[in-house]
Structure formats: structure tokens, C-alpha cells
Amino acid sequence: ALEEQIRRVRPVCHAFGHTHVPWDLVLDGIRYVNWGLGNIREREGQSRQVFDTGLHLLYDAGEWSPVQFTHWGYFHSHLEGRAWGSAELAPWVS
């Protein structure tokens, strides 16, 4: 599965998309980024920060950009966390 491939390769950053939910966090030393702009309705809520900020330049001139605040990133790195493979939704989603 994808998770196994990521853990085997151990990239510095794994950029992904199509979830419509912004992510930018570091888990087990790997940075995961999804900076989707979302649709018009989502821009008023879950992807507002992304829409307001615009494109996210991750790497430039030999430097990685700082991790940006996202609700999902905060949930996983500072609150309850989440076990790999869990399908449980965050409290504000369910």
C-alpha cells in the first residue's frame, strides 16, 4: 500500500492532493502536504486559509518553507493524534 511505500522510501516531503482538506504536518520525520484550494463552498471553511494565502511554495533556493497551520495538522500533531490506518474522523467532522 501507499503507506508502506512512503515508509520504505522515507522522503523528506510527501505532497498529495484531491482530499479538499488542507494538510501540512510532520509525522515520523516526513512532511505531508496537501494544499488544495477547494471549491467555492469549502473556501468559506476548511480550505479558507489555503484560498486566502494562495499557492504554497514548499522548497526554494535550498530551503524548505515552514510548516503552515492547518486544522488537520494541528489535530494530528498536538491533540489526540491518530493511529495509522484509522478511519475515525476528527471531532469537528463527525
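Keep in mind that the model is predicted. We will visit a buried asparagine, Asn34, then helix 3 with its buried residues, and lastly a nonpolar patch on the surface.

**Asn34**
- You can find Asn34 in strand 3, which covers residues 30-34.
- Asn34 has a relative accessible area of 2%, so it counts as buried, the cut-off being under 20%.
- Look at where its side chain goes: the side chain of Asn34 reaches the backbone oxygen of Val21 at 2.8 Å.
- Leaving aside neighbours within four places in sequence, Asn34 is in contact with several residues, among them Phe16, His18, Val21 and Trp23.

**Helix 3**
- Helix 3 spans residues 71-78, and its buried residues are Trp72, Gly73, Phe75 and His76.
- Strand 2 (23-27) is included in what covers the buried residues of helix 3.
- At the N-terminal end, Thr70 caps helix 3, with a side-chain oxygen 3.1 Å from the backbone nitrogen of Gly73.

**The nonpolar surface patch**
- Val12, Tyr59 and Trp64 make up this patch, and together they have about 320 Å² of accessible area.
- Trp64 sits in strand 5 (residues 63-64).
- With a relative accessible area of 40%, Trp64 is partly exposed.

Note on methods. Residues are numbered from 1 along each chain as its sequence is written. This is a predicted model: local features need pLDDT of at least 70, side-chain atom pairs count only at pLDDT 80 or more; totals for chains, interfaces and linings use all residues. Side-chain values use heavy atoms; hydrogens and water are left out. Helices (H or I, at least four residues) and strands (E, at least two) are DSSP runs, numbered from the N terminus. Buried means under 20% relative accessible area, exposed over 50%, partly exposed in between (1.4 Å probe, protein chains only). A polar contact is a pair of N or O atoms within 3.5 Å; within protein, one must be able to donate a hydrogen and the other to accept it, and residues adjacent in sequence count only if both atoms are side-chain atoms. Contact means heavy atoms within 4.5 Å. Patches are made of residues with over 30% relative accessible area and no salt bridge: like charges are joined within 9 Å, nonpolar side chains (Val, Leu, Ile, Met, Phe, Trp, Tyr) within 5 Å. Accessible areas come from the Shrake-Rupley method with a 1.4 Å probe; for residues, only the protein chains shown count as cover. A salt bridge is a side-chain nitrogen of Lys or Arg within 4 Å of a carboxyl oxygen of Asp or Glu.
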